[in-house]
Amino acid sequence: MQNKNSLLLFLLLASATLTVMSGAIISPVQNLIRDGLRIDAAYAGSIITTHGLSMAVFSLIMGSIVDRKGVRLPFISGLFLFGLAGGAGLVINSYWPLIVSRVILGVALSGIFTCINVIILNSYEGKKRDKIMGWRGSAQSLGGILWPPVGGLLGDLSWHFPFAIYLLGIPLGIASLSATGSISRKSSNIPSDQKSSIFSIVKHNPVLFIIFGLMFFSSFQLYAVVIYIPQLLELFGVSSSLEISTYITSMATAAGIISLLYGKIRGRFSYGAISAAGVIIWAAVFFIISRAESKLTIIAAVFFLGTSQGLIMPTVMAWIGEVVPESFRGRFSSYLGTFGFMGQFLSPLLLAPVLIHLGIRNVFTVSSLLGVLWFIILLPGLIKAHK
C-alpha cells in the first residue's frame, strides 16, 4: 500500500508538470509557428493560450463531476486526452485545426488540474499539506525548466516537433490506471440546493475573492512573460528558440526553488503576507523589464519573477482547502482553474492593444501598473487574512 501511495504521489507530481508545459512547451517556437502558418503575431499567441479558455469553461463542469463521482475517471481520462490532443500538433498544418486541438487540450487540463488539487487536499492536512502543495508547485516549475529547452531544441528542427512532448500524457494515464485504484468513489452529502450553497460559502468567506483574484492575475502576468518576452528579445537580436527557452527556464527555476521551500515559508508567515510579497515582486519585476537595456537584465528580472510564482501558486491551492468544506473542494478547486486559465487566455488579448499602440516595452510597464493596482485592491483583505 505504501508503494502504491508513493507511486500515486509521483504521478500527481509528474502530471502537475503538464499543466505548466501546456503553453510553455511551444512558447519558444511561437515565432516559428507564426512564420510556418503565415499568421499574425496575435494569432500565434492565441495558439498558446486557447487551451486556457476551454479549460476555464470546462472546469466549471469538471468540479461538479469530481464532487459527485470522484477523481479517478476524470484524472485518467484527462491524461489520455491531453496526450492525444496535444500530440495532434505533430501532424496539423493549418491554423484552425490547431486551435481545435488546443480547445480539446483545455478540456483535458480541466480534469487533470482539478483532480490533482482535490487528491492532495483530501489526502493531507496541516504542515504536510503545505509541504506537498509546495512539492506540487516545484513539480510544475520543473516542467517549466525541462520542457521549454527541449521544445526549443526540437523547434530548431521543426515547429511541429515540440508537440510530441504532449504524448507523455498517455504513459502517465496508463500508470494511473493502477495507482489510482485505491481511491474510492467519493459519496459526499451535497445539499440539494447547490447554487445557494455555493453562494453561501462565498458570502461567508470573502477571502475567496482574494484567492481567485490572485490566481487570475498571477496567471495573467505569467503569460505576459510567456507571450511577450520572445517579442521583446527580438529587439536584442535574440531569435533562436533554444536561447529564448532559457529565459522561461530561469523563471521556472526560481519558482521551483521557492516552492520546494514553501512548507518552511508557510510555517513562518501567513497566507496573506506570502501573497502580498508575491504581488510586490511581480510589480517591481515588470517595471525593471520595461526599462531593461540588456539581455542580462531581462533574464535576471524574469528569474526573480519566478519567486513570485513560487510563493503565490502553492498559497492559493492550499488556502482554498482550508476555506471551503470538503464536499465542495472539487468545485472550488475547479474555479481556481477557471480563474487561472482565464488569466492566461486574456493576457495576450488585453495587452495586445498596448503592444499595437504603445510598443512592446510598454506591455511590461502596463503589467507593472496592474500589479501595483492589484496590491492596493488586495491590501485590506490581506491584512485581515491570518491563515
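**View 1. T50 in helix α3 of a predicted model.** T50 lies in helix α3, which covers residues 41-69. The model is predicted. T50 has a relative accessible area of 10%. That is under 20%, so T50 counts as buried. Leaving aside residues up to four places away in sequence, T50 touches I99, R102, V103 and F345.

**View 2. The cavity inside the model.** A search of the whole structure finds one cavity of 30 Å³ or more. The space in the largest cavity comes to about 360 Å³. Its lining is made of 25 residues, and those closest to its centre are V20, Q140, L222, Q309 and M313.

**View 3. Helices and residue types around the largest cavity.** Several helices each supply at least two residues of the lining: α1 (2-24), α6 (126-155), α9 (207-233), α10 (241-260), α13 (295-323) and α14 (329-358). Which helix gives the most to the lining? It is α9, with six residues. By type, the lining residues divide into 14 nonpolar and eleven polar. No charged residue is among them.

**View 4. Helix α9 along its length.** Helix α9 has 27 residues. At 1.5 Å a residue, α9 should span 39 Å. Where does α9 kink? A kink of about 35 degrees lies at I227, shortly before the proline P230. Is α9 enclosed or open to the outside? Of its 27 residues, 26 are buried, so the helix is largely enclosed by the rest of the structure.

View 5. M215 is found in helix α9, the helix that gives the most residues to the lining of the largest cavity. The relative accessibility of M215 is 2%. The cut-off for buried is under 20%, so M215 counts as buried. Which residues does M215 touch, not counting those up to four places away in sequence? They are F113, M313, V316, M317, L336, F339 and G340. One of these contacts, M313, is also listed among the residues closest to the centre of the largest cavity.

**View 6. M215 beside F339.** In sequence, M215 and F339 are 124 residues apart. In space, their C-alpha atoms are 6.2 Å apart. F339 is also one of the residues that M215 touches.

Terms used: Residues numbered from 1 in each chain as written. Predicted model: local features only at pLDDT ≥ 70, side-chain atom pairs only at ≥ 80, totals over all residues. Heavy atoms only, no water. 1 Å grid on protein atoms, 1.4 Å probe; cavity = no way out; pocket = protein on both sides within 12 Å on 5 of 7 lines; lining within 4 Å. Points joined across faces, edges and corners; volume = space filled by probe spheres on them. Helix = DSSP H or I, 4+ residues; strand = E, 2+ residues; numbered from the N terminus. Nonpolar A, V, L, I, M, F, W, Y, C, P; charged D, E, K, R; others polar. Expected span 1.5 Å × (residues − 1). Bend = angle between axes of the 7 residues up to and from the residue. Buried < 20%, exposed > 50% of the residue type's maximum accessible area, 1.4 Å probe, protein only. Contact = heavy atoms within 4.5 Å.
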